[in-house]
Protein chains: 2
Amino acid sequence: MKTYFDCIPCFMQQALKAGRMTAKDDKQLKKILDETGCLIKSFSLENTPAEYGAEVYRVIREITGVEDPYKEIKKQSIEDAKKLYPELKQIIEKSGNRLLTAVRIAIAGNIIDFGVNKKFSLKEDVSKILKQDFAVSDFEKFKHASEKAKTILYIGDNAGESVFDKLLIEELNGKIIYAVREIPVINDAIYEDAVASGLDEVAEIISSGVKAPGTILNQCNSEFIKIFNNADLVISKGQGNYEGLSDVKRPLFFLLKAKCGVIAGDLQVNENDIILKGINI
Amino acid sequence: MKTYFDCIPCFMQQALKAGRMTAKDDKQLKKILDETGCLIKSFSLENTPAEYGAEVYRVIREITGVEDPYKEIKKQSIEDAKKLYPELKQIIEKSGNRLLTAVRIAIAGNIIDFGVNKKFSLKEDVSKILKQDFAVSDFEKFKHASEKAKTILYIGDNAGESVFDKLLIEELNGKIIYAVREIPVINDAIYEDAVASGLDEVAEIISSGVKAPGTILNQCNSEFIKIFNNADLVISKGQGNYEGLSDVKRPLFFLLKAKCGVIAGDLQVNENDIILKGINI
């Protein structure tokens, strides 16, 4: 997905939000905004928003020296999600359609996103999404693909959401590879967040090699690319991965909640809709 | 009022909004955002938001050649407000406190603002404001000052709102000087908008000399400064004038609706509150 004009004020908003969490004083915060503002000129709208996101967080790292602004928030999100795990597991156990319920739960986890300008209430939002209609649902195709798949690449998104991903992974067969970001960016899951979420119990965790809040294929490491090209099924979670992968040629399934107007517009759905969308299938 | 960090993403949003109305193509729109982004670095937060606003609109003028992006919108706002005029006049006629009702109506007109990221519904919002409690009200002091004043400087804000100002001016005694912006900026009233609103029937219309969406004293012309210094009463309408004048040493009254969180915070009120605030009185 290319960058839309509406993404530009949102970049400034994100720089301000993360800058406030990391800058030691107003001078440093102003410098973050100065640099983020100047970046616009060097940035082409043909690139994905996730690539600009990577630049914003690079600026913040360089100016503040803080490597992981959302470290504590991510830890808390994982703890909160783990507390919900037994209840969510029960919901799946009692469900008439375990896989579909697990898909819904995985999408519900996608609300744990500190990159969008939206507040969320974990428990309430999850129970809402469990009843919400899909705006796009390729569930039957997803079910078919998941039953056949021997290797599944599951591209994670946010920390905390990763616990919800575990519940879906437990309903899948075959070997699961769970991909995370190379370095901290927004509240996206990195290796240690995936381990803290218990994903090492159900999947092989790898880094995609990417420093952006999304999967930018030409920035991925060769291990990821090999798995991406050869896996029988690829599952992409969340907005950032959609931004990077919406135009790829291989079959894959996007699981996400459209949390901003730009993504919703690109998917031709409404804001807050939930989506299970297969492409090239 | 100084510029707050939260104003910075808002500047980008305003550049995008006005850019969309004026740019001939995406390339030109991108250039507007590039330049607006670069401006942040050269801009001190010690300046007022209105000064940055002036720069944004200068960039738009220079890139697009469009002098008055909101020309048609302003015309429409004035027409809409004029249609409401007889009804509003009736409300004043029937009111137990004509001056207070006229003040409320003048503040209600302040919703006609295309610079904030807020939609409005003229008729509905006006009737709401007519019943709304003031968050700050120095009405008795205002009444006293207006009864004594021989010359009153009334600093206008938006086109359309200017028709509402006329209704308050008609309740005031003494000689009224109505000040407008020097050139078009957002939907602020310029000379021709004030005339179209019928203000020439009740006031002497002058330009403040300012090219910003607010009153920046060191940019005002000498005629305005002379009147500003010598008028018995100064009435400042709206957010932009508040930004420029909140720290001045002379007595004046601010009439506005706090339409954004930053202004509300500076005034220590809640967003959407209405205010009649006197300073140095």
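**Helix packing in chain B**

In this predicted model, the axes of helix α5 (residues 98-109) of chain B and helix α6 (residues 122-131) of chain B come within 9 Å and cross at roughly 140°; axes are lines fitted to C-alpha atoms, for helices over the stretch in contact, with angles running from 0 to 180 degrees between N-to-C directions. Helices (H or I, at least four residues) are DSSP runs numbered from the N terminus. The two helices α5(B) and α6(B) are therefore oblique to each other, angles under 35 degrees counting as roughly parallel, over 145 as roughly antiparallel, 65 to 115 as roughly perpendicular and the rest as oblique. Their crossing is right-handed, the near helix being turned clockwise from the far one by less than a right angle. B:Arg104, B:Ile107 and B:Ala108 of α5(B) form the contact with B:Asp125, B:Val126, B:Ile129 and B:Leu130 of α6(B) (C-beta atoms, placed from the backbone, within 7 Å).

Helices α1 (residues 7-22) and α3 (residues 49-64) of chain B have axes that come within 10 Å and cross at roughly 30°. This angle makes α1(B) roughly parallel to α3(B). The passage of α1(B) across α3(B) is a right-handed crossing. Residues of α1(B), including B:Phe11, B:Ala15 and B:Thr22, meet residues of α3(B), among them B:Tyr52, B:Val56 and B:Ile60.

Residues are numbered from 1 along each chain as its sequence is written, and chains are lettered from A and ligands numbered from 1 in the order in which they are written. Local features need pLDDT of at least 70, side-chain atom pairs count only at pLDDT 80 or more, and totals for chains, interfaces and linings use all residues.

Key: Two residues are in contact if their C-beta atoms, placed from the backbone, lie within 7 Å.
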